[in-house]
Amino acid sequence: MSTAITNTIRKLRFERNEMTQQDLAERVGVTRQTINAIELGKYSPSLEVAFRIAVALGVRLEEVFSYGASQTPSESTR
Amino acid sequence: MSFREKSFREKSAWITLITLVLLLAFYLTHLPPPWWLRAETGGFLFHVLTLGMIAFVVIELIAHGIVVLRAPRDARAPRDEREHLIALKARSIAGRVYAILSLGSVLLVIHLGANDGGILYCLFLSFVVSQIVNYAARVVYYGRGA
């Protein structure tokens, strides 16, 4: 079940010395399987976990997550 | 994702689901209908139930013990938000199933002339089925992501 939120976690992980999902999971405080589900778009994390992922990857939140290919909810209803 | 790669709680859900299904199958194969009308079969059924529950506990302990020994770090990790959400959603469904099944089955067996033992069995079986639904839902949610 996909969500409208996309992410670049996998790409950012590989850019940081090929950080593993397990490494990232330990830094964020979730299970490896949760990181996998987020990367695959099967699960949308809470805001806190999303921020923790961004901090662990050393980037801003907007560089990790995007909503519906830059489409905002207000634009989608026009 | 292979069984080995699953999280501890997903493996635990699978173990409990399979064990509950086996327990229910074992119990039902020893349950001659119409059991809800036969007070004299109560002793036999209690014996079967006790054996089944002991087997359930033993299988759970052994299977979970194996999983913990193979991945102790996974087993010690606290439940994260996704696992909390999955457990909540599954319990919600199981609660509704229990409410419908217990009420429906009790009304049905009372209509058919059941004794108190029959009503108790309805409640017990409804509980077991609802727990099967609980763990089946967890397995599905884990497979879907949440």
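This is a predicted model: local features need pLDDT of at least 70, side-chain atom pairs count only at pLDDT 80 or more; totals for chains, interfaces and linings use all residues.
**Chain A as a whole**

- Walking along chain A from its N terminus, you pass its elements in the order β-α-α-α-α-α-β-α.
- Chain A has 78 residues, and 40% of them are buried.
- Take the contacts in chain A between residues at least 6 apart in sequence: 58% of these join residues at least 24 apart.

**Two helices that cross in chain A**

- Helix α2 of chain A covers residues 21-28, and helix α3 of chain A covers residues 32-39.
- The axes of these two helices come within 8 Å and cross at roughly 105 degrees.
- Angles of 65 to 115 degrees count as roughly perpendicular, and α2(A) and α3(A) are therefore roughly perpendicular to each other.
- On the α2(A) side, the residues that meet α3(A) are Gln21(A), Gln22(A), Leu24(A) and Ala25(A).
- Their partners in α3(A) are Arg32(A), Ile35(A), Asn36(A) and Glu39(A).
- Sorted by class, this contact of α2(A) with α3(A) has three nonpolar, three polar and two charged residues.

**Helices of chain B**

- Helix α5 of chain B runs over residues 116-144, which makes 29 residues.
- From its first C-alpha to its last, α5(B) reaches 42 Å, close to the 42 Å expected at 1.5 Å a residue.
- Just after α5(B) comes Gly145(B), which takes a positive phi of about 115 degrees.
- Helix α1 of chain B spans residues 8-29, and Glu10(B) has its place there.

**A closer look at Glu10(B)**

- Is Glu10(B) buried or exposed? Buried means under 20% relative accessible area, and Glu10(B) counts as buried because its relative accessibility is 5%.
- Leaving out residues up to four places away in sequence, Glu10(B) touches Tyr142(B) and Gly143(B).

**Where the chains meet**

- Chain B brings 14 residues to the contact, and chain A brings 16 residues.
- Which three residues supply more than any other three of the area that chain B buries against chain A? They are Glu81(B), Arg82(B) and Arg144(B), which together supply 43% of it.

Technical notes. Residues are numbered from 1 along each chain as its sequence is written. Chains are lettered from A and ligands numbered from 1 in the order in which they are written. Side-chain values use heavy atoms; hydrogens and water are left out. Helices (H or I, at least four residues) and strands (E, at least two) are DSSP runs, numbered from the N terminus. Buried means under 20% relative accessible area, exposed over 50%, partly exposed in between (1.4 Å probe, protein chains only). Contact means heavy atoms within 4.5 Å. The expected span of a helix is 1.5 Å times one less than its number of residues. Axes are lines fitted to C-alpha atoms, for helices over the stretch in contact, and angles run from 0 to 180 degrees between N-to-C directions. Angles under 35 degrees count as roughly parallel, over 145 as roughly antiparallel, 65 to 115 as roughly perpendicular and the rest as oblique. Ala, Val, Leu, Ile, Met, Phe, Trp, Tyr, Cys and Pro count as nonpolar, Asp, Glu, Lys and Arg as charged, and the others, Gly among them, as polar. Buried area is the accessible area (1.4 Å probe) that two parts lose on being put together, summed over both.
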